[in-house]
Structures are given as C-alpha cells and as structure tokens.
Amino acid sequence: MTLENNETVRILLVEDDEDDYVIFRDTLLQITGSRILLEWVSGYGQALEKMTQNQYDIYFVDYRLGDHSGLDLLRAFQGQGFDMPVIILTGHGDYEIDIQAMKVGASDYLEKEFLNPSLLDRSIRYSLERSKTIKELSASREELRFLSRRLLEVQENERKLVAQELHDSIGSSLSAIKFTLEQKAIEMDNKALDDGGLLLDRAISMVRSTMEEVRRISTNLRPPLLDNLGILTTIRSHCREFQEVYSDTKINSQLDIKEEDVPDGLKIVIFRILQEALNNAAKYSKAKHVRVSLKKTGVGLEFSLEDDGKGFDLKDLSRRSIERQGMGISGMRERVELSDGFFKIISEKGRGTLIRAFWPTRSKAYITDDSL
Ligand SMILES: Nc1ncnc2c1ncn2[C@@H]1O[C@H](COP(=O)(O)OP(=O)(O)O)[C@@H](O)[C@H]1O
Ligand SMILES: [Mg+2]
C-alpha cells in the first residue's frame, strides 16, 4: 500500500501495551511510498505532553489507557486548541465507542485485530486529507468573517459621511432658504396679504418639512446623539420618536447599565438592532406594547426587544425564497455574531416576538479600553 508523493508523515502512537506497539509498527512498515516516522508513548500524561508539543501530523490513540480512555486524551488535546487528526484504536469492536469517538471528533476508529497495511494507509490518507480540508475551510471562514466585519465598518463610515453631508450641506442650505423666505414674509406682512404671501407661507412650510425629513434621514443614517451623548441617550431618544409616530403602541425602555459599561464598538451594533427590531415591530406586529431593555448581567451584556403583537412562524420564514426572506433579521444576526455575540429570535403566531442579543464578558467586543 502506498501513501502519496514520498511525503514524510510523523506519527505518534499512544499505546500502553508493548506487544500492540510492535504489531502496529510492523504493519506500518509495510506501507510504502512515504517516509513514516513513528514514535511511541505508553502513558496518558506523557502522551498529552508529547501531543501538545505539536510535532506530529497524526496521532493513533489506544482507547484503553490505564485510568483514562483515549477519548479523555482526545478531549484534553482538543481542549488545548489542537485540531490534528486523532485515530482511536481499540482491542475489540464496540459500536458505542465508535459513535462516541466520532462525536468527540476522532478522525477514525480502528479495531486492532483487523489492522492491516492497506486499512492503515487508507485511514491515514483520508484523515490527513480531511484535516487539511477542515483547516482550509476554517481559514476561509475566518477570512469571510474578517471581510464582513470590514464591510460593516466601511458601511458605517460611509453612512456617517453621508449623514454629515446631509446635515452640513443640504441642511444648512435649507436653513438659509427658510431664513430668506421668512424675511420676505415679514416684509410682506406689512403690506396687504395677496396670493404671493400665501405662496410664500406654503413654501416656508414645505421647506420646514423638508428640513425635518432631511434630519430624519440623516439621524437614521447615523444618529449624532450616539457619537455625542452615547447609546443610552440615543436609545431613549429613538424610543421617544417611535412613540410620537406610533401612538397606539406603548413603548417602554429599561436601561440597567452605565454608559461606560457599553464598549464603544458595540454601541452602533446595539443601535442598528434597535432600529431594525423597532421597524419590524411597527411594520408587522400591531403590538400594544414594546419593551426595550439593555442591561449588564454577571456574565455579559444583554439587549432585548419584545413586542406583544402578532408574532410569526420562524419556519415559515425559512421556507420563503431567499429574496423574500428579508435582510432585517439576518442583518441583525450578522452584526451580533461578528461582534462576538449571540443572537436569538423567539416568535410564535399570536404570541409576539422577542429579539435577544447577548455578548459574554469574555468576548473581544466587550473588552473596553481600560480592561485591556
Ligand atoms: N416583530 C415582528 N412581528 C411580526 N412579524 C415579524 C416581526 N419581525 C419580523 N417579522 C416577520 O419576519 C419577516 C422578516 O423580517 P425581516 O428579516 O426584518 O425582513 P423584512 O422586514 O425586510 O421583511 C417579515 O417579513 C415579517 O413577516
Ligand atoms: Mg425588517
């Protein structure tokens, strides 16, 4: 039997029975095509020490290791952050151990009595190949995460710029137009009001509502309060505005946290979730009450938004075609997960909707400057 391309494969065997070691070594010797370097250790402690030195490509671990099992060793190995392939060996077949080994993350499970060069060669090749694929997959997932994070950052910066431009350029031009029109109106007031005066009044009122619209768009793009006064004031203000527009829904906010306990990087994330979840509650829920909460708990930081409206079936949502699924919920989830948090949505027809985002204390986003 052959392993590919004359590559060197470094193997560590963890086996407490010397005879079994000898059989394993002799079987391995019959595999050609690769340089195989085999080392052997017999005890659990010694094995873990060797394994975590990270000098091998693949590990064969006997299921029985004195007081420990091979699976204990595998768990301890993975617990220290290693992901090299581990193949479990056992004296006699046991389907239960096979299943357990698979669940714990063993690459393969081989019965010693059936060990032969071709089986061993195949198991090594497949395990190495799979481990390589898993590594590539996790690297590309990490890259995707990095890019998505960057994309959100760029998007937020763009929004900030557009909001600023709207405010500084169009906003101040509109103010100037309004001022000029008002001056003219004052002048004309002294004369008899004619059609021109009425038109002027109408124009002033149109400019006023356009200014209000520009302010609303600019605030939604990036609330200036967030950068000036912080997330708590922003949440209160956003809820107040919501209340003014949707007077049939009573909104309550409970903020049991100090501004300095919310890491800067999370503030915009929390605001975007509030924005989207409130939008959804307004558009779909017909709720009587909406409760917004942000709090610090012993284990992290939690934001939630709950409505007592119509609710919906999450399964129905996943059955919709991708284009009809909407970007709101998936966008909220993405923002939370990219900031190392956990996102959950619970909804049931007739029972309202709960959106919950949680960032554990240990998460990177949670680390504030002074705790670094
Ligand atoms: N608070 C809510 N109450 C009732 N239905 C909701 C609520 N939030 C979301 N939904 C349902 O979930 C769907 C997906 O929401 P979302 O992802 O925000 O996308 P979109 O708002 O663009 O449709 C909505 O179309 C709606 O049917
Ligand atoms: Mg939506």
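**Entry 1: E182 and R208.** I looked up E182 in this predicted model and found this residue partly exposed, at 23% relative accessibility. I use buried for under 20% relative accessible area, exposed for over 50%, and partly exposed for values in between (1.4 Å probe, protein chains only). R208 is also partly exposed, at 45%. The side chains of E182 and R208 meet in a salt bridge, with N to O at 3.2 Å. E182 belongs to helix α5 and R208 to helix α6 (residues 195-221), so the pair ties together parts that are 26 residues apart in sequence. A salt bridge here is a side-chain nitrogen of Lys or Arg within 4 Å of a carboxyl oxygen of Asp or Glu. Helices (H or I, at least four residues) and strands (E, at least two) are DSSP runs, numbered from the N terminus.

**Entry 2: conventions.** I note that residues are numbered from 1 along each chain as its sequence is written, and that chains are lettered from A and ligands numbered from 1 in the order in which they are written. In this predicted model, local features need pLDDT of at least 70, side-chain atom pairs count only at pLDDT 80 or more, totals for chains, interfaces and linings use all residues, and side-chain values use heavy atoms, with hydrogens and water left out.

**Entry 3: other salt bridges.** I find 29 salt bridges in the structure. One of them joins E15 and K112, at 2.9 Å from N to O. This pair links distant parts of the chain, 97 residues apart: E15 is in the loop between β1 (8-14) and α1, and K112 in the loop between β7 (108-111) and α5 (117-189). Both residues, E15 and K112, are buried. D72 forms a salt bridge with R75, the closest N and O atoms being 3.4 Å apart. D72 and R75 both sit in helix α3, 3 residues apart, about one turn of the helix. D72 is partly exposed at 27%, and R75 is partly exposed at 42%. I also record a salt-bridge network that links E156, R222, D227, R272 and R335.

**Entry 4: annotated positions.** In the UniProt record (unreviewed entry), "domain: Response regulatory" covers residues 10-127. UniProt positions are given in the numbering used here, feature names are shortened, and annotations may be inferred rather than shown by experiment. I find the span 10-127 to be 43% helix and 25% strand, with its end C-alpha atoms 13 Å apart. The UniProt annotation "modified residue: 4-aspartylphosphate" (unreviewed entry) covers D62. I place D62 in strand β3 (residues 58-62), and D62 is buried, at 3% relative accessible area.
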